[in-house]
Amino acid sequence: DATDGYAFGHLGEAELAQGHAAEALAAYQQAVHWEPELISAHLGLARCYGQLGEWEAALLAVERVLQLDPSNAAAMALRREIEVRP
């Protein structure tokens, strides 16, 4: 189903696990398009953007996770990593 945000989220996870950040990014973008509150997809976006050196976009994606789940430990840790990067 081309409108299944969860399926796109799983595809993003698989692509990212294989080191394909650009492909994972595209999948996660589709995931949040179809499932705007899918926390794991927003976190995946943040990781992809970070791997691609797009730090502002990564931080925005992390902030979206924290809007949806203020106590998300993975998002808080990733935000700290982004903020202290050289």
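How many residues does H4 have, and how far does H4 reach from its first C-alpha to its last? Keep in mind that this is a predicted model. H4 has 14 residues. From first C-alpha to last, H4 reaches 20 Å, close to the 20 Å expected at 1.5 Å a residue.

Now look at what is buried in H4. The list is Ala 58, Ala 61, Val 62, Val 65 and Leu 66. Seen down the axis of H4, these buried residues fall within an arc of 145 degrees, so they line one face of the helix. An α-helix has 3.6 residues a turn, so residues three or four places apart point the same way.

What does the buried face pack against? The buried residues of H4 pack against H3 and H5. Take Ala 75 as an example. Beyond its neighbours within four places in sequence, Ala 75 is in contact with Leu 43, Val 62, Val 65 and Leu 66.

Next, the core. The largest nonpolar core has 22 residues. Among those with the most contacts inside it are Tyr 28, Cys 48, Val 62 and Ala 75. Helices H1, H2, H3, H4 and H5 each supply at least two residues of this core. H3 gives the most, with 6 residues. In soluble globular proteins, nonpolar side chains tend to be buried together.

Last stop, Ala 26. Ala 26 lies in helix H2. Is Ala 26 buried or partly exposed? Ala 26 is partly exposed, with a relative accessible area of 39%. His 42 is 16 residues from Ala 26 along the chain, and their C-alpha atoms are separated by 12 Å.

Technical notes
Residues are numbered from 1 along each chain as its sequence is written. This is a predicted model: local features need pLDDT of at least 70, side-chain atom pairs count only at pLDDT 80 or more; totals for chains, interfaces and linings use all residues. Side-chain values use heavy atoms; hydrogens and water are left out. A nonpolar core is a set of buried Ala, Val, Leu, Ile, Met, Phe, Trp, Tyr and Cys residues joined through side-chain atoms within 4.5 Å. Buried means under 20% relative accessible area, exposed over 50%, partly exposed in between (1.4 Å probe, protein chains only). Helices (H or I, at least four residues) and strands (E, at least two) are DSSP runs, numbered from the N terminus. Contact means heavy atoms within 4.5 Å. The expected span of a helix is 1.5 Å times one less than its number of residues. The arc is that of the directions from the helix axis to the C-beta atoms.
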